[in-house]
Amino acid sequence: MTSRQRSAESNSLSPRRRTVVKAAAATAVLAAPLAAALPARAADEAPAFLHGVASGDPLPDGILLWTRVTPTAEAVPGSGIGPDTEVGWVVAQDKAFTTVVAKGSVTATAASDHTVKADVRGLTPATEYWFRFSAGGTDSPAARTRTAPASDAAVANLRFGVVSCANWEAGYFSSYRHLAARGDLDAWLHLGDYIYEYGTGEYGTRDTVVRQHAPVHEILTLADYRTRHGKYKTDPDLQALHAVAPVVAIWDDHEFANDAWSGGAENHTEGAEGAWSARQAAAKQAYFEWMPVRTAIAGTTYRRLRFGKLADLSLLDLRSFRSQQVAVGNGSVDDPNRTITGRAQLDWLKAGLKSSDTTWRLVGNSVMISPFAIGALSADLLKPLAELLGLPKEGLALNTDQWDGYTDDRRELLAHLRSNAIRNTVFLTGDIHMAWANDVPVDAGTYPLSASAATEFVVTSVTSDNLDDILKVPEGTVTALAAPVIQVANRHVHWVDTDRHGYGVLDITAERAQMDYYVLSDKTKANATSAWARSYRTRSGTQKVERTYTPV
């Protein structure tokens, strides 16, 4: 989402930006600065597993395992150096690894930044397993994972953690720690902005860099993106969550650059920062190296997972195929030649929703699909809201980086849901750094007289700035003023919290899908506490959201 307007024209750079480009070029040939992406202990622990272990994309008979080995002290993320290293993996039924069910080995090389994956099959559905890696006589930490239920299984309950938007410099990842401590997740969903591309101090932190990322300049090259991923994977709270449950992840824009589209990004200057095609390719390569994600179609994150007869999960890629964003108020948002999904992905999504025989159809969706109009906000609220959402500061009706900027795709999708009587579609969304509970109306202008085609639960950011951060006011101040105005202008919005940081827990039964929203005490504190804030659910067959007063 838009959070920084560029002062330079697209064909020129400010002195600060030129310095960033020079720094990026220097990093490509100097490995030493990349050591900042590793803990200090790396120098005397090689080979070592310094970036944790992870699993992802659970199947009824399999799971994807991931780690990164540091074979020598110099072979840091992004360095492009280091010897080929054999990495063993083992999967067992117990933490002591006395009952091994699968094992094998893979070679880690500099060509893949010494990351490795093992796509393990032949496992039992709906079963908890333990796994670890080993190299050169060193074992990785042991971690827990879980397979999906059998495709035809009658599943009573599913529970997913739901997160998005984690800016390293803005605070600590306590949301991950609190989700890890639950011990009751079948999986967790990361809905995008797992990393951020900015240089140090360039992105919202309430004017305080809580902890500095690496590299310190804006990331542009393959080495840069690898280094940034490596830095994130040193976070103990992130490692803890990866070690207790499989992740299901999609990307949004900041895995590339702010407001990315198929041919560029707001935060990319063609030429001065290299070719967008090269930057996008580097970002994708690093992402697939560093994330336990399968690619159903090469170079994208759209794919579908199934969890018995209870739910399937369609995961979208809303950056690789989209048309460039247009200015707010520009009538071309309705142009049928413009797309957020691309034709092939939209057809795939429609076909999957229509053919689904599960009770619930979940959609992992990186930007908000519900319409969002701004009412008559006062000037002191409008300016930061415009900054956060990419709206003109004069104030207008929509954010064109969301589905609001691609209304023909949205109309086609919602009409498809209605005309085929497809029930129980729930969009799970991140990006906007606020928490929302929405109906998704066929016609927002006449809602609630218009039908609701689906529902949407939007989770707030893990750390990335929201309205109270931008205004530098006490938490809750802006929500009290802005939420009523937003809801008057958007009657399909049941709740919005513009201020707090945290995560969601989605609990699904045959009767309802419920999102419990949790908030952190202080994102800048490593020991931040977590508290339940609100819960909303959609009951089967209703296509509408309602409040419920206790978490699951």
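This is a predicted model: local features need pLDDT of at least 70, side-chain atom pairs count only at pLDDT 80 or more; totals for chains, interfaces and linings use all residues.

Mentor: Residues are numbered from 1 along each chain as its sequence is written, and side-chain values use heavy atoms, with hydrogens and water left out.

Trainee: What is the volume of the largest cavity?

Mentor: A cavity is a set of points, on a 1 Å grid over the protein atoms alone, where a 1.4 Å probe fits but cannot get out. Points are joined across faces, edges and corners, and a volume is the space filled by probe spheres set on them. The structure has three cavities of 30 Å³ or more. For the largest cavity, the volume comes to about 50 Å³.

Trainee: Which strand gives the largest share of the lining of the largest cavity?

Mentor: Lining residues have an atom within 4 Å of a point, and here they include W495, R500 and Y517. Strands are DSSP runs (E, at least two residues), numbered from the N terminus, and two of them, β18 (493-497) and β20 (512-520), each supply at least two lining residues. The largest share, three residues, comes from β20.

Trainee: How are the planes of F131 and F133 arranged?

Mentor: Rings of Phe, Tyr and Trp (its six-membered ring) pair if their centres lie within 6.5 Å; planes under 30 degrees apart are stacked, over 60 edge-to-face and the rest tilted. The whole structure has 21 aromatic pairs. With centres 6.3 Å apart and planes at 90 degrees, the F131 and F133 pair is edge-to-face.

Trainee: And Y302 with F321: how far apart in sequence are the parts that the pair ties together?

Mentor: That pair is edge-to-face, at 6.1 Å centre to centre and 70 degrees between the planes. Y302 lies in the loop between α5 (276-290) and β12 (303-307), and F321 in the loop between β13 (311-315) and α6 (343-355), so the parts tied together are apart by 19 residues.

Trainee: Is Y302 buried or exposed?

Mentor: Buried means under 20% relative accessible area, exposed over 50%, partly exposed in between (1.4 Å probe, protein chains only). F321, at 32%, is partly exposed. Y302 has 7% relative accessibility, so Y302 counts as buried.

Trainee: Which residue has its charged end over the ring of W168?

Mentor: W168 belongs to an aromatic cluster with F173, Y176, W188, Y194 and Y232. A charge sits over a ring if NZ of Lys or CZ of Arg is within 6 Å of the ring centre and within 35 degrees of the ring normal. At 3.7 Å from the centre of the W168 ring, the residue is R211.

Note on methods: On a 1 Å grid over the protein atoms alone, a cavity is a set of points where a 1.4 Å probe fits but cannot get out, and a pocket is an open set with protein on both sides within 12 Å along at least five of seven lines; lining residues have an atom within 4 Å of a point. Helices (H or I, at least four residues) and strands (E, at least two) are DSSP runs, numbered from the N terminus.
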